[in-house]
Amino acid sequence: MRLALFGASGGTGRQIAAQALAAGHAVTALARDPDRVRRPDGAPLSAADGAQRLRVVAGNVLDPGAVAEVVAGADAVAVVLGTTPGNPPGVVSAGTAVVLDAMRAAGVRRIVVVSSLGVADSRDQVPWWFRLLMGTVLRGRFLDKAVQERTVRESGLDWTILRPGGLTNGPPTGRADIGTQAEVRAGLVSRADVAAVALNALATPGAVRRVLAVT
C-alpha cells in the first residue's frame with residue numbers, strides 16, 4: 001500500500017508511520033519540520049525501520065500544493081491532525097478539507113481519520129469531568145473536530161472515522177476494544193493500538209463509512 005499521512009510528527013502519526021513501514025508499505029508524509037517525523041521513541045528512522053520507503057514533504061496542511069504532492073499516487077490516506085503551536089484555530093477541519101479536495105482531484109478514495117471520543121454524538125461516552133473540559137478549555141478543539149467529522153462524512157469518499165479514548169504512550173497490546181454502540185465508554189488506549197486499528201481499517205471493506213470507538 002502507498003499511504004499518504006498527515007500528522008506524521010505527532011504521537012499517533014509516528015506510530016502509524018512506523019507500523020506501516022514495518023509492514024512493508026510505502027509512506028509519504030507531510031510535515032512542517034521533516035526532522036520531527038521519527039520513530040515513536042523519538043529516534044531517527046533507519047533503514048532497519050524501512051526508512052527507504054518513507055518520503056517526507058516539507059509543508060503545511062493548509063497549503064493545497066503541498067497536500068496534493070503528498071496525495072499523488074497514494075492508495076489510501078490517514079489523517080491524524082491535532083492543534084499545534086503556530087497553526088491557526090480550526091486547522092484540523094480546514095486542513096482535512098484541503099486533504100479531501102486533493103483526494104477528489106487525484107481520484108484517491110480511501111481515508112481514515114483519527115478524531116476523539118466526546119466529539120459530536122459521542123459526548124455522553126466520556127466521563128462527566130471531561131465533558132466539563134470540552135465545554136471550557138477544550139471547547140475550540142472539540143468544535144474543530146466536530147466540523148472535521150462532518151466534512152469527512154459529507155465528502156462522498158470511502159471514509160472511516162476512529163474515535164479513541166484517552167491516549168497513552170504504552171506499547172501495542174492488540175487488545176483494543178472497537179465498537180459502534182453508544183454504550184461504549186472512553187478508556188485509556190495506547191497510540192500504538194490506535195495506529196494498528198487505523199491501518200487495519202484501511203484494509204477492511206466493512207470499516208468503510210463507519211465511525212468506530214477505540215478504547
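Colleague: Is the crossing of H2 and H3 left-handed or right-handed?
Modeller: The axes of H2 and H3 lie 9 Å apart, and the two helices pack at an angle of about 50 degrees; axes are lines fitted to C-alpha atoms, for helices over the stretch in contact, and angles run from 0 to 180 degrees between N-to-C directions. A crossing is left-handed if the near helix is turned anticlockwise from the far one by less than a right angle, and right-handed if clockwise. On that convention, the crossing of H2 and H3 is right-handed.

Colleague: Which pLDDT do local features need in this model?
Modeller: Residues are numbered from 1 along each chain as its sequence is written, and side-chain values use heavy atoms, with hydrogens and water left out. The model is predicted: side-chain atom pairs count only at pLDDT 80 or more, totals for chains, interfaces and linings use all residues, and local features need pLDDT of at least 70.

Colleague: How many nonpolar residues are there in the contact of H2 with H3?
Modeller: The crossing is right-handed, and H2 contributes Pro64, Val67, Ala68 and Val71 to the contact, while H3 contributes Val98, Val99, Ala102, Met103 and Ala106. Contact means heavy atoms within 4.5 Å. By class (Ala, Val, Leu, Ile, Met, Phe, Trp, Tyr, Cys and Pro nonpolar; Asp, Glu, Lys and Arg charged; the others, Gly among them, polar), no polar and no charged residues take part, and the nonpolar ones number nine.

Colleague: What is the orientation of H3 to H5?
Modeller: Helix H3 (residues 91–106) and helix H5 (residues 139–153) have axes that come within 7 Å and cross at roughly 20 degrees. Angles under 35 degrees count as roughly parallel, over 145 as roughly antiparallel, 65 to 115 as roughly perpendicular and the rest as oblique. H3 and H5 are therefore roughly parallel.

Colleague: Which residues of H5 make the contact with H3?
Modeller: The crossing of H3 and H5 is right-handed. From H3, the residues involved are Val91, Val92, Ser93, Thr96, Ala97 and Leu100. From H5, they are Asp144, Val147, Gln148, Thr151 and Val152.

Colleague: Which strands stand at the edges of the sheet?
Modeller: The open sheet has eight strands in the order S3-S2-S1-S4-S5-S6-S10-S8, with mixed pairing; two strands pair if DSSP finds at least two bridges between them. Each edge strand has a single partner strand, so one side of it is left without a neighbour in the sheet. The edges are S3 (54–58) and S8 (178–179).

Colleague: Which residue in S10 is the bridge partner of Gly179?
Modeller: S8 and S10 pair in the antiparallel sense over two bridges. In S10, the partner of Gly179 is Ala213.

Colleague: What is the relative accessible area of Arg110, and is the residue buried or exposed?
Modeller: Arg110 lies in strand S5. Buried means under 20% relative accessible area, exposed over 50%, partly exposed in between (1.4 Å probe, protein chains only). Arg110 is buried, at 10%.

How values were computed:
Helix = DSSP H or I, 4+ residues; strand = E, 2+ residues; numbered from the N terminus.
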